[in-house]
Amino acid sequence: MSAPVKIASPIGGNAGKGAYHVSERGYYGEFGGAFIPEMLYPNVEELRRKYLEVMSEPSFKQEFDQLLKDYVGRPSPLYFAKRMSEKYGTKIYLKREDLNHTGAHKINNTIGQILMARRLGKTRIIAETGAGQHGVATATVCALMGMDCVVYMGEIDIARQAPNVARMKMLGAEVRPARSGSKTLKDATNEAIRDWINNPVDTHYIIGSAIGPHPYPDMVTRFQSVISEEIKAQLQEKEGRENPDYVVACIGGGSNAAGTFYHFLDEEQVKIIAVEAAGKGIDSGESAATSVLGHQGIIHGCKTLLMQTPDGQITEPYSISAGLDYPGVGPMHAHLCTSGRATFKSITDDEAMKAGLELCKTEGIIPAIESSHALAIFGNTSFKSDDVVVVALSGRGDKDLSTYIDHFGL
Amino acid sequence: MTTNRIHKKLQEDKKILSIYFTAGYPGPEDTVSIIQSLQDSGVDMIEIGLPFSDPLADGPTIQESSTKALKNGMTTARVFEQLRDIRKTVDIPLIIMGYFNPIMQYGVEDFCKKCADTGIDGLIIPDLPVDVYEEEYKDMFEKYGLANIFLITPQTPDERIRFIDSVSDGFIYMVSSASVTGAKSTFGEEQQQYFERIHNLRLKNPQIVGFGISNEETFRAATHLAKGAIIGSAFIKSLNDKGKDGIPDFIRTIR
Ligand SMILES: Cc1ncc(COP(=O)(O)O)c(C=O)c1O
């Protein structure tokens, strides 16, 4: 018998054939593409040409896996939430991304991208951040690799996320305030893109979610796909089957959701629930529920659903959770939404805060407010008693203490 | 191949001075009077900026003008309203520079048609990549007689420049250095080499240099080999400092 031939496949596997994966030209259905100014073309094109090849190299995969294991602390547990399951009469599993180093799923992507940046010979890293989670995860890997790091953050976010600003500084990053436009995440992203235009040769831009021009959404998704890869193996062990009945995740730009859904996209029997932030209510004028309020348009280099005025000006979303107030969603999610593959739900600030506190009391876990949105669906969705529901607990709540304190008057 | 005011202007035996400004800035009703004053001051061509909330390729000066114009209540429809009778008094080439999202929301074909009706000669859409343009929109733009202008930068490979040249009809917008828009006071050795490299490619379309042109010195350096140059941020700064009355003086300092 001959030995099985090993064909190198990129991280995330040789997907790309199913209807929900990115096409060769960078589209998910009608969404995606690379709508970038010519100044960015050489950088984005280099990445597009090389990302799958680099992600297929055995030495790259080995280095990525090793760091995820030894530095990030993977695999993250798939925890059967017994008391919550009893309360809601179904089987609830939590994928514990909150236990990762730096406290959220963001680090899976930054580890991958910093290794990619090194393979491309880049010496300087830039990133955008809203709440500061992605900024901290980027500053962390830059410290780890000894690379220069500049993080753009809206002036308003700098004021309301002081502990994460301090963390980034301690980790050696320079935090630059974005003072343009609405001075929040979308403007920080604009500033990072402008920096990249100004520094086209030595700099790599580590985008923090499954957004941006092709190949970013696919690259970020592949780095995050370790989440669903682990879920499959862990469920096999605990339930004797790889596929749950439901996977649930919150969506800002959509990176934790993309990673959680990835290996289930083509398994149509697995139902996908994406949870957006309704803010103070869908019709309140203060919301971030892009799938309901958004229309097709172009933001940060990709065609997707985004919140905008009839004139095409991008509007400022609102959510109590800084990680969910992005005016768009990644193009993969726009396609999952319009094709009907995923069900989109929206959860208000109050519902999310209540669900967050409930997890503290029933399971002894303080979740990030982003993740609390995903948990809140148990309040308005019914599941069967033998359904297996996997929820991505994308991050821990340390960063949100002051919001919890204010909200509940603790 | 379309023949419009841009092509005629480019055939003139002179270096082209083109000015960029943002519609509806500084005041909401300044659009037409600025165009008029620029023509009266001897400018060869004008780029009218459509205000956008997220102008990725622009530096602080143009960003702020865009934000202010939006605060002034500008919309794409309002820009067209203001320009409705522009061809009664203005005969130099007019180009609209805008980001793709507002144009998509207006409807790309409606937008092109409105441009044609208004007497707009060309479009610069920095985030509409040449590949997408060629496949999806080229025929439409040509049907309405609009020249679409593409950017190249010092990092653009020769092969891609040739591709852009083959798809372009009008001129090629040479971004002077790796940067967003913004005024510079001089050009260095690197820029000179880039200008020479592009000159030596002998492209079919003339080149006009933009980004970083601010004064007589940078205008002269940029147009030594290229057909013309575009001034944006420095003009807007002058509007900030001296207002509309300062336009003739500003243009006189350039050439
Ligand atoms: C804990 C946590 N979850 C979710 C998100 C939302 O991002 P994404 O939709 O890319 O997963 C963030 C973003 O900051 C976050 O910090």
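1. A backbone N or O atom of Gly253(A) lies 3.2 Å from an oxygen atom of the ligand in this predicted model. A polar side-chain atom of Ser209(A) is 2.5 Å from a ligand oxygen atom, and one of Ser394(A) is 2.6 Å from a ligand nitrogen atom. A polar contact here is a pair of N or O atoms within 3.5 Å. The protein covers 96% of the 390 Å² of accessible area that the ligand has on its own (Shrake-Rupley method, 1.4 Å probe).

2. The ligand is surrounded by 17 residues, the closest being Ser209(A), Gly252(A), Gly254(A), Ser255(A) and Ser394(A); a residue is near if one of its heavy atoms lies within 4 Å. The shell has four nonpolar, eleven polar and two charged residues, with Asp, Glu, Lys and Arg counted as charged, Ala, Val, Leu, Ile, Met, Phe, Trp, Tyr, Cys and Pro as nonpolar, and the others, Gly among them, as polar.

3. The automatic or database assignment divides chain A into domain 1 (73–103 + 224–408) and domain 2 (105–220). Because both domains give residues to the shell, the ligand lies between them. In contact (heavy atoms within 4.5 Å) are 30 residues of domain 1 of chain A and 28 residues of domain 2 of chain A.

4. Residues are numbered from 1 along each chain as its sequence is written, while chains are lettered from A and ligands numbered from 1 in the order written. Local features need pLDDT of at least 70, side-chain atom pairs count only at pLDDT 80 or more, totals for chains, interfaces and linings use all residues, and side-chain values use heavy atoms, leaving out hydrogens and water.

Methods. Polar contact = N/O pair within 3.5 Å; in protein donor to acceptor, adjacent residues only side chain to side chain.
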